[in-house]
Amino acid sequence: MRIAFGGIAIEASNFSPVPSTLNDFIVLTDQALFDSGRYPFLSELEAEFLPTLFASALPGGAVTANAYQTLKTDLLARLTAWGPVDGVYLDLHGAMYVAGMADAEADLAAAVRAVVGPNALIAASMDLHGNITPAYTGQIDLLTAYRTAPHRDTVETRHKACRMLVDAWTNGVRPQIACVPIPVLLSGESTRTDMQPGQRLWAALDQIDQLPGVLDASLFVGFAWVDEARAHAAAVVTGTDPEVIHQAAAQLAQTYWDARTEFHFGTPVGSIDECITWALAAPETTVFISDSGDNTTAGAVGDLPLCLARVLIHAPPSAVVAGITDAAAVAICEAAGIGATVELSLGGKLDRIHGQPLPVRGQVLGLFDSDREKGHQAVVQVETVKVIITERRTAFTRVSDFTQVGVDPMAHKIVVVKLGYLFPDLLRVAPLAYMALSPGAADQALERLPYQHIQRPMYPLDKTMVWKPEMLKLDAD
Ligand SMILES: [Zn+2]
């Protein structure tokens, strides 16, 4: 079996004023796809895998039409160059908002289908934060998504998609996908799978998998920080028995709907000042605070200095703010050198909707230029606060993100990160965590967002709405 593989993966928010351009994508082709560590299972499968292109970027603003067309054209050219294939494995996120397009994943899947023809099998692995439509699933044959958030099963999910693809081809039975949209739009932070009701909802997918005629059940939260009609949850079941998969998807959708009022933020939430006050009063020696409105892993800009301003006012014994994107400030620190005192007009230059630059005076503690994703970085001591300033938009998700710039997060009373929920590596070390409901492009208070294009009624914006799942036809045409 010859399987071509690749994809374009990004979570893109049109509430961010900073577009995602070609420069923001890391593009892997040829042998680099095998060497990437994303697909360590390929050699175990009875198939020949043919690399095309995999492009991924930090969540950001709308992908420019030029960036998308360039990546798509390259992927399709590489796919075409392989000649006839039996299958395609697409490695996608599912929430790629492209400027001027309504459903980029459906467009990409349709283009891939046009190249490989109706007989080839197409499988996809997705992030459960993708926005999934029947128009998209109608173009492909097999789909599976992460079952954990924070995500811990990324490699397993890719492996499952490829395994299902090989098995389906070997068995010669063409699978189908049933997709039932659910009019519920919640943030990833309120739908974690390591707490209820998410824990039981996603755990139940294993049982649906066991039904005769079912290959995979996936439950999508969707992506809330984008104003498009497909932004909502979805129940998606892949299998070989059309009746069973439709019934299972509808039941799964009903289960999610029935649990809608149970979802809650797993972490205590408050205003920026409340979180700082609670942290200072806590006996724990280190408390993490998520600056959730400016969460770069949800597409926000990451240059807002609002939390830094409030932390400075509270004068903690020690704190780290990681990080603030400001290329100009990094350049000033580099020109001044380690040990120099600098005056910075920090952050607030990119996201002018939600903030403005903060004047600070501090001492340059360290300068770093070896990180490909973060670009150049500067660590500046401002009063009792270490501020990590990055050239590029980034996220501090792992302890090593701190230690590689000489900062031990656990040696500080307060650690501010531009995340929503803490990623697994930080969750592991954080003695205590709060989530600040700060303003920004990834505002957790969804009712504050200027939605115009999402479907209504939509829970929780329309709290009293009633709904029943309906079956949907699979044909994309
Ligand atoms: Zn996700």
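Helices (H or I, at least four residues) and strands (E, at least two) are DSSP runs, numbered from the N terminus. The model is a predicted one, in which local features need pLDDT of at least 70 and side-chain atom pairs count only at pLDDT 80 or more, while totals for chains, interfaces and linings use all residues. Residues are numbered from 1 along each chain as its sequence is written, and side-chain values use heavy atoms, with hydrogens and water left out.

Glu228 is buried, with a relative accessible area of 4%; buried means under 20% relative accessible area, exposed over 50%, and partly exposed in between (1.4 Å probe, protein chains only). The side chain of Glu228 makes a polar contact with that of Arg230 at 2.8 Å, where a polar contact is a pair of N or O atoms within 3.5 Å; within protein, one must be able to donate a hydrogen and the other to accept it, and residues adjacent in sequence count only if both atoms are side-chain atoms. Not counting residues up to four places away in sequence, Glu228 touches Tyr97, Met101, Ala102, Asn131, His453 and Ile454, contact being taken as heavy atoms within 4.5 Å.

**The zinc site**

The zinc ion is coordinated at 2.1 to 2.5 Å by Asp127 (OD), Asp127 (OD), His129 (ND1) and His151 (NE2), and these donors follow the spacing D-x1-H-x21-H along the chain. Donors are N, O and S atoms within 2.8 Å of the metal (3.2 Å for Na, K and Ca), and water is not among the atoms, so sites may look incomplete. The arrangement is irregular because the 4 donor atoms subtend angles of 54 to 136° around the zinc ion. Four donors count as tetrahedral if all angles lie between 85 and 135 degrees; four count as square planar and six as octahedral if opposite donors are over 155 degrees apart and all others between 65 and 115; anything else is irregular. Asp127 is buried at a relative accessible area of 6%, and His129 also counts as buried, at 7%.

**Cores and helix 3**

A nonpolar core is a set of buried Ala, Val, Leu, Ile, Met, Phe, Trp, Tyr and Cys residues joined through side-chain atoms within 4.5 Å. The largest has 63 residues, of which Ile8, Val63, Met126, Tyr136 and Ile140 touch the most other members. Helix 3 (residues 104–116) gives the most to this core, with 7 residues. Apart from it lies another core, of 34 residues, among them Ile272, Leu312, Leu358 and Ile414.

Leaving aside neighbours within four places in sequence, Ile8 is in contact with residues including Phe25, Tyr68, Leu92, His93 and Leu108. The buried residues of helix 3 include Leu108, Val112 and Val116, and the buried residues of this helix pack against strand 1 (2–9), helix 2 (65–81), strand 6 (87–91), strand 7 (121–126) and helix 4 (134–137). The 13 residues of helix 3 should span 18 Å at 1.5 Å a residue, and its end C-alpha atoms are 19 Å apart, which agrees; the expected span is 1.5 Å times one less than the number of residues. Gly117 follows helix 3 and has a positive phi, near 85°.

**Helix 8**

Helix 8 (residues 242–258) has 17 residues and reaches 24 Å from its first C-alpha to its last, close to the 24 Å expected. At its start, a side-chain oxygen of Asp241 comes to within 3.0 Å of the backbone nitrogen of Glu243. Ile245, Leu252 and Trp257 are among the residues of helix 8 that are buried, and its buried residues pack against strand 9 (176–182), helix 6 (198–203), helix 7 (205–209), strand 10 and strand 11.

**Backbone features**

| Residue | Phi | Relative accessible area |
|---|---|---|
| Asp30 | about 50° | 40%, partly exposed |
| Ala315 | about 45° | 54%, exposed |

Asp30 sits in the loop between strand 3 (26–29) and helix 1 (31–35), whereas Ala315 is placed in the loop between helix 10 (306–314) and strand 14. A cis peptide bond, with omega about 0°, joins Gln196 and Pro197, and Pro197 lies in the loop between strand 9 and helix 6. The peptide bond from Ala322 to Gly323 is cis as well, with omega near -15°, and Gly323 belongs to strand 14 (residues 319–325).
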